[in-house]
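Here are some notes to read beside the structure.

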Amino acid sequence: MKTEAVLLTGGASRRMGQDKATLTVDGVSLAARILAELDSVRAHTTVLGQRPIEGYAFLPDREPGGGPLQALAQFSPAADSVFVVSCDVPLFSGKVVPLFAGMLAGHDAVVPEIDGYRQTLCALYAAPAFQHFADAAEDPDRRSMKAATDSLDALVLDEAALTAQGIDPLSLRNANTPEELASLLQEARSGR
């Protein structure tokens, strides 16, 4: 099964107060760090957002500020599955991509659940899910990622399941505010 990746960089970053994609941690932008992790597992990556990143395929947001579902709805997969990650996952580890790909068979998605919240923007989707996203983007009752993904057959991996597979759940947690980012980095540095 071939897997590609999508990096979402088009959010407004209102709660963070600055563009999450260009926010730096240890001198490296979050977008560059995540792209390096995806490169490490040879995932062909397309950037979805407002600005291209040199060296990567790019699909501009048709509807700037339209949210992740609108961005994903316009993407046409070339592979059997697509790992979707937003630029606000500062500790992202590329090793989840092949791990999740190995678990996808028979499901529409493999989605981690951290602190009781499904990380739908750090998950693997079977290619047909993108038609589902396109349909949901046109339906006023399903126009959010949560609503669009609720009807998918997803294999949900909680923190215990992730840890059993050798994945640190912190590597899949997003940060939407400066406080969440600081707390996440502190947890990682202290080893929880």
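1. Charge first. The chain carries 16 positive and 25 negative side chains. The centres of the two sets lie 2 Å apart. Bear in mind that this is a predicted model.

2. Overall form. The C-alpha trace spans about 40 × 35 × 35 Å along its principal axes. A compact globule of 192 residues would have a radius of gyration near 16 Å; the chain has 15 Å, so the two agree.

3. Make-up and contacts. The chain holds 7 helices and 10 strands. Of its 192 residues, 48% count as buried. Take the contacts between residues at least 6 apart in sequence: 66% of them join residues at least 24 apart.

4. Strand S4, residues 45–49. Here 5 of 5 residues are buried. Thr45, Val47 and Gly49 are buried on one side, Thr46 and Leu48 on the other, and both faces are covered.

5. Partners of S4. Strand S1 (residues 3–8) pairs with S4 in the parallel sense over 4 bridges; Leu7 has Val47 as its bridge partner. Strand S5 (residues 57–60) also pairs with S4 in the parallel sense, over 4 bridges. There, Leu48 is bridged to Leu59.

6. Helix H4, residues 129–137. Why is H4 largely enclosed by the rest of the structure? Because 7 of its 9 residues are buried. Among them are Phe130, His132 and Phe133. The cover over the buried residues of H4 includes helices H2 (68–73) and H5 (145–150), and strands S6 (81–86) and S9 (122–126).

Methods. Residues numbered from 1 in each chain as written. Predicted model: local features only at pLDDT ≥ 70, side-chain atom pairs only at ≥ 80, totals over all residues. Heavy atoms only, no water. Buried < 20%, exposed > 50% of the residue type's maximum accessible area, 1.4 Å probe, protein only. Helix = DSSP H or I, 4+ residues; strand = E, 2+ residues; numbered from the N terminus. Contact = heavy atoms within 4.5 Å. Pairing = 2+ DSSP bridges. Rg over C-alpha atoms; globule rule 2.2 N^0.38 Å. Lys, Arg positive; Asp, Glu negative; His and termini not counted. Charge placed at Lys NZ, Arg CZ, Asp CG, Glu CD.
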